[in-house]
Each structure stands twice: as C-alpha cells, then as structure tokens.
Amino acid sequence: MTLKRLLLVSNSTLYGGGYLEHCQDQIQKFLGGQVKRVLFIPYALQDRDNYAKTARQKFQSLGYALDSIHEAADPVESVLTAEAIFIGGGNTFRLLKALYDNNLIQVIRKKVIEDGIPYIGSSAGTNVATVSINTTNDMPIVYPPSLQALGFVPFNINPHYLDPNANSKHMGALREGCMLLVEGNKATLLGITKARLFKRGECPTEHEPGEDFSFLLNQ
C-alpha cells in the first residue's frame, strides 16, 4: 500500500531567519536520501524566475537538485516524472488558478495520493493541499474556476494564523513556525509554535508541537 506523505509548512520565512531555514531539518528528514530532484511549482508569485532561483539555491544547499515547472515545455509531463513536489508561498488565488490553467490538479493528486511521492507545501502551497482555499488570508487578485484545491487532507488550514476566526466550521490554523507532517494515516504537529484547531460547535483548542493529529484524517 502506498503511503501519502505531506509536509505542510505555515510559512517560508520566519522572522530573523532565511528562506526555509526554520524547517530545513524537517525537509531533509522528510525527503531523505532517496529523492535526488525536487519539482518546484512557483505559480504563487509573479516573478517565477527569481522565485525559482531562491528555491533552487536553498534545496541545493540541502543536497537536492531542483527543477522549476515554469521552465518545463510540458508542465504535466514534469509532474508525471517528478520524484517530489514543492509548492511555495505567495498569492493562493494566483497559485490555484495556474494549477487549473495548466491542467495540473488531477495529475498532482495522482502522483501524491496514488504514487506516494513526497509533497512539501509552504504557505499558499499548504493552503492548496487542503480541501479548498476558503481559509486563505490572501486577496483575490485573480479568480480560479473553483476554490476547490488538491484535497490531500479532509480539512482546511489557515497558514500564518494570527487571530481566531469566529465563523470557521472546520479548520486547522498553523501559526508561523508550525508545520504538519502526514504519513499515510498518521499526522503529527511539528515546529516551534502551537496550532489552533477549530471544529463546528466546539471551542477552539490549542495544540503543542509533537501532538498526534491523526484523528483529523479519519473524519
């Protein structure tokens, strides 16, 4: 049985640190030694060239080659041959629209859910890994055909969490410095900050790094 493997990070940069510095140890442990190349999807930012340069430098420093999907002649084929996928932060609406425009939603879902390749999301990349982007903090600068996202997990996440959302029905909120590791049917909260869980009809609850969140995957 293939295990779904996700590392969902709240933010790409933590105050006082460099790009992905606060989660680089988790990224290396998550990818391990079998992955040699990572496919980067920079669609959340307008300047994809510079974004890819930043991501490539970081992943090379961790021992991984990085290919950016915007440089590929065939984006779908680049996903089909990917060893791992990393979707970075930026504007979630721009990101999701580009995924739809390039016909990537279903092919990414297949690679991650059925083939079990590792998926790393940061900020907007974490948002699109969930049921929908309804809990994004971003402005709708463009409009994707649907707010439904990749649906790797059966709940929504609000990255960069700051304040309670009184109208939320079912949402996990990741403060900056927080991340969620999913391996098959097991989910674990990682990082250096707490997360807050919102469930309809219940008071929000606070959760510490290291806590088991597997119950969220089985609802």
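**Ground rules.** I worked on a predicted model, in which local features need pLDDT of at least 70 and side-chain atom pairs count only at pLDDT 80 or more, while totals for chains, interfaces and linings use all residues. Residues are numbered from 1 along each chain as its sequence is written, and side-chain values use heavy atoms, with hydrogens and water left out.

**Entry 1, the sheet.** I looked up the strand order first. Helices (H or I, at least four residues) and strands (E, at least two) are DSSP runs, numbered from the N terminus. Two strands pair if DSSP finds at least two bridges between them. The model has an open sheet of 7 strands with mixed pairing, in the order β3-β2-β4-β5-β1-β8-β9. Which strands stand at the edges? They are β3 (65-68) and β9 (186-191); each has a single partner strand, so one side of each is left without a neighbour in the sheet.

**Entry 2, strand β1.** I followed β1 (residues 5-9) to its two partners. With β5 (residues 119-122) it pairs in the parallel sense over 4 bridges, and with β8 it pairs in the antiparallel sense over 5 bridges. Val9 stands opposite Ser122 in β5. Leu8 has Gly121 as its bridge partner in β5 and stands opposite Leu180 in β8.

Is β1 enclosed or open? I checked burial, where buried means under 20% relative accessible area, exposed over 50%, and partly exposed in between (1.4 Å probe, protein chains only). In β1, 5 of the 5 residues are buried, so the strand is largely enclosed by the rest of the structure. Arg5, Leu7 and Val9 point one way from β1, and Leu6 and Leu8 point the other way.

I listed the buried residues of α5 (residues 105-114): Ile105, Val107, Ile108, Lys111 and Val112. Contact means heavy atoms within 4.5 Å. These buried residues pack against β1, β2, α3 (75-80), β4, α4 (92-101) and β5. Just after α5, Gly116 takes a positive phi of about 75 degrees.

I then looked for ring pairs. Rings of Phe, Tyr and Trp (its six-membered ring) pair if their centres lie within 6.5 Å; planes under 30 degrees apart count as stacked, over 60 as edge-to-face and the rest as tilted. The count comes to 5 aromatic pairs. One of them joins Phe40 and Phe86: the ring centres are 5.3 Å apart and the planes stand at 25 degrees, so the pair is stacked. Phe40 is in strand β2 and Phe86 in strand β4 (residues 85-87), 46 residues apart. Phe40 and Phe86 are both buried.

Phe59 and Phe86 form a tilted pair, 5.3 Å centre to centre with 40 degrees between the planes. Phe59 lies in helix α2 (residues 48-61) and Phe86 in strand β4, so the pair ties together parts that are 27 residues apart in sequence. I noted a relative accessible area of 0% for Phe59 and 1% for Phe86. Which residues do the ring pairs link into a cluster? They are Phe40, Tyr51, Phe59 and Phe86.

A charge sits over a ring if NZ of Lys or CZ of Arg is within 6 Å of the ring centre and within 35 degrees of the ring normal. I found the charged end of Arg5 over the ring of Phe30, 4.4 Å from its centre.

I searched for disulfides, a disulfide being a pair of cysteine sulfur atoms within 2.5 Å. The structure holds 0. For Cys23, the nearest cysteine sulfur is that of Cys178, 11 Å away. Cys23 is buried, with a relative accessible area of 0%, whereas Cys203 is exposed, at 67%.

Last, I looked up Met179, which lies in strand β8. Met179 is buried, with a relative accessible area of 0%. Met179 and Lys53 are 126 residues apart in sequence and 24 Å apart in space, C-alpha to C-alpha.
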